[in-house]
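Here are my notes on the model you sent over, as numbered points. Have the structure open while you read.

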Amino acid sequence: MTGERLSKAAVADRALRIADEEGLEAVTIRRLAKELGVTPMALYWHFKNKDELLLGVVDHVLSGVRADPAAGDPWQKRLRTVFETVVDVMRAHPSLPDLLHSVDKQQTESFTRATNDTLALLTDAGFTIDEGYWVATYLLNAAIGLVAGQPDCPASVPAEQVEEWRRQKRIQLESLPADRYPKMVELAASYRTELDLDHYYAFSVDLVIAGVEAMAAAKRSS
């Protein structure tokens, strides 16, 4: 397979898979070339070095985050769609937060386009350009936080150990002094069953977007 035939997207997709499964440090040009069955020089056709490769991965993974400012839906609905898409991408790719912190993401077309479209929605909502950027930054960090702080068993725990993890967590909470921490003891019961992740994420998206909508409404009324 030559560099011309090996698409940029295919390289970025394989790099993303390695990062998700083994961490960002496992992504190297040599490792990618071996997995794709090509020489390292074939990859340099698309990416001159690892920094360019990581930028390409970010651009690839965020390519589906879009908000058409000309669409007919109200800004609230379009903003929710953007935020839900970012959360879904974060859930699918656990390496993405590290990727976003390791490169200048504003050098990528996908991130710049998504930010620009989001700013257009937020200025439609009545925020200034500075305020819109603060909100957009908060939304990105909120998506990272929702996934990183997901309740129930961490994704790093092997499947065969999940039930034991929940049991230990339940015992830990039940062992707290009930007179001092009654609600924490009550929370222990939630670890008896698997978390409804769809409910968690739907609730969390509602919470975050409701805050933005409330601030926008307060600005309009003032």
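1. Let's start with Ile29. Setting aside residues up to four places away in sequence, Ile29 touches Pro40, Leu43, Tyr44 and Leu53. Bear in mind, here and below, that this is a predicted model. Ile29 sits in helix 2, and its relative accessibility is 10%, so it counts as buried; the cut-off for that is under 20%. As for Tyr44, 15 residues separate it from Ile29 in sequence, and the distance between the two is 8.4 Å, C-alpha to C-alpha.

2. Staying with helix 2, have a look at how it meets helix 1. Helix 1 covers residues 8-22 and helix 2 covers residues 29-36; they pack at an angle of about 110°, and their axes are 10 Å apart. That angle makes the two helices roughly perpendicular, since the range for that label is 65 to 115 degrees. The crossing of helix 1 and helix 2 is right-handed.

3. Which residues make the contact of helix 1 with helix 2? From helix 1 they are Val11, Arg14, Ala15, Ile18 and Glu22, and from helix 2 they are Arg31, Leu32, Glu35 and Leu36. Sorted by class, this contact of helix 1 with helix 2 has five nonpolar residues, four charged and no polar.

4. Now for the other helix pair. Helix 5 (residues 75-92) packs against helix 7 (residues 109-124) at an angle of about 150°, with the axes 9 Å apart. Helix 5 and helix 7 are therefore roughly antiparallel to each other, as angles over 145 degrees get that label. Their crossing is left-handed.

5. On the helix 5 side, Trp75, Arg78, Leu79 and Val82 meet Thr118, Leu121, Leu122 and Asp124 of helix 7. The class count for the contact of helix 5 with helix 7 comes to five nonpolar, one polar and two charged residues.

6. You'll find Ser95 in the loop between helix 5 and helix 6 (96-102). Is Ser95 buried or exposed? With 5% relative accessibility, Ser95 counts as buried. Once its neighbours within four places in sequence are left aside, Ser95 is in contact with Leu16, Ala19 and Asp20.

7. Next comes the loop between helix 8 (129-148) and helix 9 (162-174), where Ala155 is found. Ala155 has 84% relative accessibility, so it counts as exposed.

8. Please check its backbone: Asp152 is not a glycine, but its phi is positive, at about 75°. Asp152 has 13% relative accessibility, so it counts as buried.

9. Last, the aromatics. How many aromatic pairs does the structure hold? There are two aromatic pairs. Take Tyr200 and Tyr201: their ring centres are 4.7 Å apart and their planes lie at 70°, so this pair is edge-to-face; the label needs planes over 60 degrees apart. Tyr200 and Tyr201 are both buried.

Methods: Residues are numbered from 1 along each chain as its sequence is written. This is a predicted model: local features need pLDDT of at least 70, side-chain atom pairs count only at pLDDT 80 or more; totals for chains, interfaces and linings use all residues. Side-chain values use heavy atoms; hydrogens and water are left out. Axes are lines fitted to C-alpha atoms, for helices over the stretch in contact, and angles run from 0 to 180 degrees between N-to-C directions. Helices (H or I, at least four residues) and strands (E, at least two) are DSSP runs, numbered from the N terminus. Angles under 35 degrees count as roughly parallel, over 145 as roughly antiparallel, 65 to 115 as roughly perpendicular and the rest as oblique. A crossing is left-handed if the near helix is turned anticlockwise from the far one by less than a right angle, and right-handed if clockwise. Contact means heavy atoms within 4.5 Å. Ala, Val, Leu, Ile, Met, Phe, Trp, Tyr, Cys and Pro count as nonpolar, Asp, Glu, Lys and Arg as charged, and the others, Gly among them, as polar. Rings of Phe, Tyr and Trp (its six-membered ring) pair if their centres lie within 6.5 Å; planes under 30 degrees apart count as stacked, over 60 as edge-to-face and the rest as tilted. Buried means under 20% relative accessible area, exposed over 50%, partly exposed in between (1.4 Å probe, protein chains only).
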